[in-house]
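Okay, everyone, I'd like to walk through a few side chains with you today. Have the model open while I talk.

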Amino acid sequence: RGNGTGWDRAWNANATTAVVRTATGYTVEAAVPWTAVGGVPARGAMLGLDVANNDSDTAGTVTPYDWANLTRFAQPNAWGTLVL
């Protein structure tokens, strides 16, 4: 959430999630309520989106993965675009 001018680490989407480990990684599903997004779903609507994960499968090591290839999370002006 935000306008790209700063970080907003206080936001919580109250998402419902499901994670399944597979032979090659993970499958993750997240349901984010529209009230958390602050909009109304409409066909063709475009939303900024980024998804990030900290992989800590190896003890003492954390490897970040970020869908938008960001070096630090919470940069709305650099997110990808989700089209409904």
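Tyrosine 26 sits in strand β2, residues 25-31; helices (H or I, at least four residues) and strands (E, at least two) are DSSP runs, numbered from the N terminus. Quick note before I go on: this is a predicted model, where local features need pLDDT of at least 70, side-chain atom pairs count only at pLDDT 80 or more, and totals for chains, interfaces and linings use all residues. Residues are numbered from 1 along each chain as its sequence is written, and side-chain values use heavy atoms, with hydrogens and water left out.

Leaving out residues up to four places away in sequence, tyrosine 26 touches Val19, Val20, Arg21 and Asp57, with contact meaning heavy atoms within 4.5 Å. With arginine 21, there's a side chain to side chain polar contact at 3.5 Å. That term means a pair of N or O atoms within 3.5 Å; within protein, one must be able to donate a hydrogen and the other to accept it, and residues adjacent in sequence count only if both atoms are side-chain atoms.

Now, two aspartates. Aspartate 66 is in strand β5, residues 63-66, and counts as buried at 16%. Its side chain has a polar atom 2.9 Å from the backbone nitrogen of alanine 68, and one 3.3 Å from the backbone nitrogen of leucine 70.

Aspartate 50 is in the loop between β3 (46-49) and β4 (52-55), buried at 10%. Its side chain reaches the backbone nitrogen of alanine 68 at 3.1 Å.

Conventions. Buried means under 20% relative accessible area, exposed over 50%, partly exposed in between (1.4 Å probe, protein chains only).
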